[in-house]
Amino acid sequence: YQFPGVDTNCTVPGDGVLDFSTGTRATLFEGALSEAAGICNGVAVDWNENGVIDVGGVARDINGDGDSFGLLTDYDDWAHISLEAVTFGVVPGRPTTNEAVAEQPVPEWAWPR
């Protein structure tokens, strides 16, 4: 979700929102996807892209890993983020917490060609 962002409105594409997952989406079985339930149990998704919301389950490799019968679960990223600062002592040449870090220009030889 680097470029499209996370999904905040229960549609398949991301919404351009830079965020982490909260683990609240339904578990999806790629071998029997419910188009009527979609991602949020109520916002329909045409998983097989045939133009209609099918009543029965449809099989589709929706995450593109080559396994069309995988079980996909939402992971609660926010509950597992650790923002603790770790200090192992002063390292020569590395700024301490009280020093300002100045931005350095990228040398011209490192620019992409």
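Phe29 is partly exposed, with a relative accessible area of 37%, where partly exposed covers the range between buried, under 20%, and exposed, over 50%, using a 1.4 Å probe and protein chains only. This is a predicted model, in which local features need pLDDT of at least 70 and side-chain atom pairs count only at pLDDT 80 or more, while totals for chains, interfaces and linings use all residues. Residues are numbered from 1 along each chain as its sequence is written, and side-chain values use heavy atoms, with hydrogens and water left out.

Phe29 lies in strand E1, residues 28-29, and the protein chain as a whole has zero helices and two strands; these are DSSP runs numbered from the N terminus, at least four residues of H or I for a helix and at least two of E for a strand. Of its 113 residues, 15% count as buried.

Let me turn to Glu30, which sits in the loop between E1 and strand E2 (71-72). Glu30 is buried yet has no salt bridge, and the nearest side chain of opposite charge, Arg60, is 8.4 Å away; a salt bridge here requires a side-chain nitrogen of Lys or Arg within 4 Å of a carboxyl oxygen of Asp or Glu, and for charge Lys and Arg count as positive, Asp and Glu as negative, with His and the chain ends not counted.
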